[in-house]
Amino acid sequence: MARTPMNMPNARMPASRTRRAALAGLGALALSPWSRARATAAPRLVTLGGSITEIVYALGAEAQLVGTDSTSFYPPAAAKTPKVGYFRQLSAEGILSLRPDAIVGTDDIGPPAVVEQLRSAGVQVELVRADHSWGEVQRKLQAVGRACGRAAAARALQAGLDDQWRAVQAEVAAFQGTPPRVLFILAHSQSPRVAGTKTAADAMIRFFGGINAMQGFEGYRALTAEGLAQAAPDVILTTDQGLQEQGGADTFWRRPELALTPAYKSRALVTLDALELIGFGPRLPQSVRTLHRRVVLGDRT
């Protein structure tokens, strides 16, 4: 019987050779430059929250950033990154146009429907529980480390920051005097509000050794003369940005309700950058030490 030449169109290859050829083809595809680039490319990141963006820079992963939210302005280079808006008023279309592989934010980003849209599009979304604790900072470090592929570097950074945190807490605990009553004013608009309990400001005041002068309510309330007189703060704390919004220290002190406070008599006003003061990022140990010195120890230089 005449055999059909193997190079003819109707020639049949043995099954074992067919499988070997298919596997070889898949192996060649897996080793192609395109597939290797996909497998080894650093994840493209969008960060939602200034402290989370700051951690990306602290880990040296800033080249992976393709977008940040409007609160991301530190370090200064972060202010120049493409912006996706305020982290609580997001648009899925704007974020997805940046083609991110991963998004890292806190659990208060939104709206929730947008978060679901991002996940449905196949983007890895890491949300960190925000509870105004040192644990929150640790969770942010771990989440960013996972998202950008630098988990080991994040663990090393956390170990160093944990040491700093223990040291500054020991400094605060060593103070033997009377803790000052501190009023935090969120003054980023022309309708300032004061911080009650369960706020980042309340946690920060406790961390640096003060007493929040505003008790009996959670969150923020409008600043009123009656409330300030009753709170009787020794020191007023606000952000650098808030003081600038109010027109500077001289204009700030002209608010008539402030004249009812002990802080007014001594012009006891302390300010700090907003991200340092209430951002709960990697500079938290440094911020607590600074505020303990300036608010509790009275070194306002």
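Author: First, the pairing rule: two strands pair if DSSP finds at least two bridges between them. Strands (E, at least two residues) and helices (H or I, at least four) are DSSP runs, numbered from the N terminus. Bear in mind that this is a predicted model, where local features need pLDDT of at least 70, side-chain atom pairs count only at pLDDT 80 or more, and totals for chains, interfaces and linings use all residues. Residues are numbered from 1 along each chain as its sequence is written, and side-chain values use heavy atoms, leaving out hydrogens and water.

Now the sheet: 4 strands make an open one, ordered β2-β1-β3-β4, with parallel pairing. β2 (65-68) and β4 (124-128) sit at the edges with a single partner strand each, so one side of each has no neighbour in the sheet. On average, neighbouring strands here are turned by 15° against each other, direction ignored. Zooming in, β1 (residues 45-48) pairs with β2 over 3 bridges, and T47 stands opposite T68 in β2.

Angles run from 0 to 180 degrees between N-to-C directions, using axes fitted to C-alpha atoms, for helices over the stretch in contact. α3 lies across β1, β2 and β3 (102-106), at about 135° to β1.

E54 belongs to α3 (residues 50-58). With contact meaning heavy atoms within 4.5 Å, E54 touches Y74, L275, P282 and R283, leaving aside neighbours within four places in sequence.
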